[in-house]
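Could you walk me through how the inside of this protein is packed? I would like a short tour that I can follow with the structure open on my screen.

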Amino acid sequence: MTFKEFGLDERLLEGIDAMGYENATEVQEQVIPPIIAGKDIIASAQTGTGKTAAFLLPLIHKLITSHHEEHHINALIIVPTRELAIQIAQTMEGLSYFTSVSSIAVYGGGDGALFTIEKKALTTGADVVICTPGRMIAHLNMNYVKLDGLKYLVLDEADRMLDMGFKDDIMRIISYLPKQRQNLLFSATMPFRIRELARTILKDPVEINIAISKPPEKIVQLAYVVYEPQKIPLIKEILQQKEFGSVLIFCSKKQNVKQLARELKRAALPVEEIHSDLLQDQRERVLLDFKNGKLKILVATDILSRGIDIEDIDLVINYDVPHDGEDYVHRIGRTARASNTGSAFTFISESEQGKFARIERLLGHPVDKADLPEKFGKGPQYVPRQERPSKKRYGKYKKHR
Ligand code: AMP
């Protein structure tokens, strides 16, 4: 389906053209018409499906074709991370380039000057505000944010926001909004908590389901079963033995990110790290260098596992086993985007075998286990302990009696 068929404004079609989009993606096809018709939406769609433009396009269209207050915030988009706020703001800038719709990203992390710029925009009114919850609350606490003309609310990556403990902040922000408004909720997964949130926020929503909770088949998945101390030597070996275009390495903890980046730098590998301890402009610089290919290897926390769109990553390495299946799918989904192929390696230590077996159950098949390079000797056997919760509980129960 072409974008013209949605009846979008000419100025917007120019922006779409300049962004290089030809046809609408599936989520765009399903979501744009009901948003234009004024319906509330609950959509399960992951990053990479084109969901950002799916809500930005109809919002911009509505802002330029219907009456809206000039010096008010008309649309508020709440997102979990600064990186995602910046990315949406960039897409917004591109798509709205030929229109007069204004927007600002409000995400904190910067200096006082940035806060002042945000304050000015929030006071004089930017049509579209893209914010992280904490920073928005900081502004709301100072009583100058003009939200009384707001017409549209978007919650993006809602499951991630709940995981990060933002529920109360979100509800608090919503308490400042006019009751009469259009609500759009996007989430990669639809656990009960999200449905509950949707019930309190949305009115008679149209439900759309585009989620793929299985990784694309073009990703070659391999796992290395190792002893924990073998992980660093193995990752060095992999990175030194083969030429990769760009490699994204995930660690669950930022301490591990720092330690691993240090070790890889010591081995003269072109690596940088990204985690929440870095200043905002450092994070942006590293991400930009990685995106445009200047930086080959990036070690990151799960901050980068969702919502971030980087093409051309050849290899994702899970230095540790992700917390659950969804995280695994998100992490490895950073590779093989667009039409490229990619690989995803996961290192499994002895204590992580049970966790990985659960992920394999979600995937519906075992992941191939690679042999360790000869000089590493033998790794541990892959014999994940079977979980038998009912037996375990029974045993305890008996003991306590
Ligand atoms: P998203 O799921 O919003 O993170 O989008 C993933 C990527 O797809 C981004 O790089 C978008 O610029 C791109 N994209 C979104 N819509 C389209 C489209 N209709 N055609 C081509 N690329 C698109």
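## Aromatic pairs

Please keep in mind that this is a predicted model. A search through the whole structure turns up 8 aromatic pairs. In one of them, the ring centres of Y224 and F345 are 5.7 Å apart with their planes at 75°, so this pair is edge-to-face. Y224 belongs to strand β8 (residues 219-225) and F345 to strand β13 (residues 342-348), so the pair ties together parts that are 121 residues apart in sequence. Both Y224 and F345 are buried.

Another pair joins two helices: Y328 lies in helix α13 (residues 325-332) and F356 in helix α14 (residues 353-363), so parts 28 residues apart in sequence are tied together. Here the ring centres of Y328 and F356 are 6.0 Å apart and the planes stand at 80°, so this pair is edge-to-face. Y328 and F356 are both buried.

If you go back to Y224 and F345, you will find them in a cluster with Y319 and F347, linked through ring pairs.

In soluble globular proteins, nonpolar side chains tend to be buried together. The largest nonpolar core in this model holds 44 residues, and F55, L57, I77 and I130 have the most contacts inside it. Helix α3 (residues 51-65) is the top contributor to this core, giving 9 residues.

Leaving aside its neighbours within four places in sequence, its contacts are F55, L56, I88, V128, V129, I130, C131 and V154. There is also a second, separate core of 34 residues, and V129, I137, V145 and I170 are among its members.

## Helix α4

Helix α4 (residues 82-95) has 14 residues and reaches 20 Å from its first C-alpha to its last, close to the 20 Å expected at 1.5 Å a residue. Of those 14 residues, 11 are buried, so α4 is largely enclosed by the rest of the structure.

Which residues of α4 are buried? They are E83, L84, A85, I86, Q87, I88, A89, T91, M92, G94 and L95. What do these buried residues pack against? Their partners are α1 (10-19), α3, β2 (75-78), β3 (103-106), β4 (128-131) and α12 (280-291). I88, one of the buried residues of α4, is also among the contacts of I77.

Technical notes: Residues numbered from 1 in each chain as written. Predicted model: local features only at pLDDT ≥ 70, side-chain atom pairs only at ≥ 80, totals over all residues. Heavy atoms only, no water. Phe/Tyr/Trp six-rings, centres within 6.5 Å; stacked < 30°, edge-to-face > 60°. Helix = DSSP H or I, 4+ residues; strand = E, 2+ residues; numbered from the N terminus. Buried < 20%, exposed > 50% of the residue type's maximum accessible area, 1.4 Å probe, protein only. Core = buried A, V, L, I, M, F, W, Y, C linked by side-chain atoms within 4.5 Å. Contact = heavy atoms within 4.5 Å. Expected span 1.5 Å × (residues − 1).
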